[in-house]
Amino acid sequence: MAIDSDYVQSMATQLAQYEVQGQLAKANRNQAAYKAQLNALTSLDTALKTFKTAASGLKLAGSSMLVNSASFSQEGYASATVGTKAVAGSYDFFVQQLASKSQVALQGLQDGNLGSGSLTIGQGGDAFNVDLGSVATLDELAAAINGASDNNGVKATLVRSNGQVNLVLTSEKTGADQAISLSATGNAAFEGAVAGRQELSVAKDAIVRLGGESGIELTSTSNTFDNVIDGVSLTFTKAHKSGDASLTMEVGQDQKATKEKAQAFVSAFNALMTSFDSLTASGSESGGRGALAGDASVRAIEGMLNQLVRTSFGGVSLTEFGIAADRNGKLSIDNARFEKAIAANPEGFEKLFTDLRNVLMSAYNLNESYDSYRTVDLEARAAAASPYELVLVLFDGLLDELARARGHIEGKRYQQKGQSLEKCLNILGGLNGALDYENGGELVQGLARLYDYCIYRLSDVSVSLSLEGLDEVVGLLGVLRDGWEGVNATRK
């Protein structure tokens with residue numbers, strides 16, 4: 001397919017002689033029409049963003065479409081976070097002891113005991129000193145301990161009772177290695193308080209036995225055990241007494257929660273399709289014409305999304321999991337087929353939605369570029385005093401963007417290339433949509449064919465990266481732009 005440059009030159013000359021765009025001026029003066037389109041784009045943008053949220057939530061980092069869960073034979077002993085790698089099974093635990101913090105109290109101290117000496121606080125092989133002569137009150141002492149640059153995990157608080165003040169030191173973390181040690185020098189009151197300190201809590205590791213009270217010993221500095229069982233994080237909250245029945249944990253697939261995730265996607269997709277249908281409705285006795293009716297770009301986005309949800313990823317499709325579209329393009333879930341397919345091929349379901357999410361997010365980025373550029377285009381039209389000048393602005397912007405697209409292709413910046421060409425296609429779509437088909441006759445038909453040809457060539461360039469094809473479009477549009485400039489000049 002090719003278009004003779006002489007044909008384009010002839011068309012440009014005719015543009016200088018005939019006012020084939022007379023109706024365009026009237027359309028541009030119709031602010032209400034453009035406001036309706038702007039409102040429609042706002043509605044579409046909202047629907048797209050809602051769908052984007054649902055699509056991005058299909059498989060966020062660390063999450064999964066598949067939901068596994070754990071249940072326990074006894075309440076209050078443990079909770080679990082179960083990932084997709086967890087293997088279904090039954091496990092018995094006996095909680096021998098929970099992890100605890102170190103906590104000690106120095107009793108009988110007064111502000112008057114300060115003024116000399118030092119207090120040494122040790123923990124986990126490290127220690128730091130506090131100069132007791134540098135503080136005047138116990139409140140200042142607590143602040144000095146908490147603010148010490150070499151304090152790696154001890155918190156000081158003052159507890160007052162019956163006129164006495166207790167300096168309580170607590171480890172910030174649990175575990176046997178968090179035990180607090182104390183010594184004092186040069187201050188008799190503090191030396192006596194350290195010697196008579198009261199241990200409120202002993203630093204301990206958590207000890208849990210897998211398989212019952214005499215089973216395999218598992219230890220942790222905290223009460224959370226990560227990946228003792230693949231894909232399962234366990235947090236224990238209560239210890240057993242000797243002779244108590246073990247805690248049984250059952251790990252399995254939570255089909256209800258998995259289906260709820262799939263349903264959230266289906267609902268968001270259907271809401272987006274409803275928005276498309278409303279905004280692009282052609283009009284009938286039962287309903288009015290949509291503000292974006294006839295917008296080929298919007299229809300293309302809708303068609304692309306409809307095609308994506310019918311595409312196979314990893315050798316499987318939504319249909320195989322009971323998720324199918326009706327004749328109106330709306331999705332629904334067949335519960336029986338869904339549950340059977342998930343049980344038979346959970347890995348396939350996971351990969352399907354992972355790949356589908358990635359493609360949908362890429363598609364959304366293109367849609368976002370279209371929507372923002374189209375909105376700006378409409379606002380520019382509504383504000384323009386002269387449609388002829390506006391067309392020149394659009395042509396200049398189009399040629400500038402084509403130049404940028406060429407630079408992106410040469411620089412192998414393919415994502416930016418796609419965005420530039422998308423903008424060019426949107427401008428061409430706007431120019432094509434503004435043609436007065438009813439009154440323009442053969443000339444308008446010729447312009448429409450030219451715009452269609454340029455769209456065709458740029459679509460090909462997006463895939464083939466052909467600079468020759470890009471230059472051909474630049475040449476055709478450059479000649480046409482000169483024709484429009486002639487039209488504008490004759491009207492001044």
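## Asn227 and strand β13

Asn227 counts as exposed, at 52% relative accessibility. The class rests on relative accessible area, taken with a 1.4 Å probe and protein chains only: buried is under 20%, exposed is over 50%, and partly exposed lies in between. Asn227 is part of strand β13 and has a positive phi of about 60° although it is not a glycine. Most residues other than glycine have a negative phi.

The model is predicted, so local features need pLDDT of at least 70 and side-chain atom pairs count only at pLDDT 80 or more, while totals for chains, interfaces and linings use all residues. Residues are numbered from 1 along each chain as its sequence is written, and side-chain values use heavy atoms, with hydrogens and water left out.

## The protein as a whole

The protein contains 13 helices and 17 strands. Of the 492 residues in the protein, 44% are buried. The accessible surface comes to about 24000 Å², and carbon and sulfur atoms hold 48% of that surface. The areas come from the Shrake-Rupley method with a 1.4 Å probe, and for residues only the protein chains shown count as cover.

Among contacts in the protein with a separation of 6 or more, 71% are between residues 24 or more positions apart. Contact means heavy atoms within 4.5 Å.

## A sheet of three strands

Strand β13 belongs to an open sheet of three strands, in the order β2-β14-β13, with antiparallel pairing. The edge strands, β2 (78-82) and β13, each pair on one side only. From one strand to the next, the twist averages 25°; such angles run from 0 to 180 degrees between N-to-C directions of axes, which are lines fitted to C-alpha atoms, for helices over the stretch in contact. Two strands pair if DSSP finds at least two bridges between them.

Five bridges join β2 to β14, and in this pairing Ala78 stands opposite Phe236. Four of the five residues of β14 are buried, so β14 is largely enclosed by the rest of the structure.

## Two loop asparagines

Asn223 lies in the loop between β12 (216-220) and β13 (224-229). With a relative accessible area of 18%, Asn223 is buried. Leaving aside neighbours within four places in sequence, Asn223 is in contact with Leu98, Ala99, Ala206, Leu234, Thr235 and Phe236. A polar atom of the Asn223 side chain lies 2.6 Å from the backbone nitrogen of Ala99.

Asn162 sits in the loop between β7 (154-161) and β8 (164-171). The relative accessible area of Asn162 is 79%, which means that this residue is exposed. Asn162 has a positive phi near 55° and is not a glycine.

Leu399 is placed in helix α10 (residues 387-410). With neighbours within four places set aside, Leu399 is in contact with Val474, Leu477, Gly478 and Arg481. Leu399 and Arg481 are 82 residues apart along the chain, and their C-alpha atoms are separated by 9.3 Å.

## Ala325 in strand β16

Ala325 is found in strand β16 (residues 323-325). Its relative accessibility is 33%, so Ala325 counts as partly exposed. Residues up to four places away aside, Ala325 touches Arg310, Lys330 and Leu331. Val309 is 16 residues from Ala325 in sequence and 8.6 Å from it in space, C-alpha to C-alpha.

How values were computed
Polar contact = N/O pair within 3.5 Å; in protein donor to acceptor, adjacent residues only side chain to side chain.
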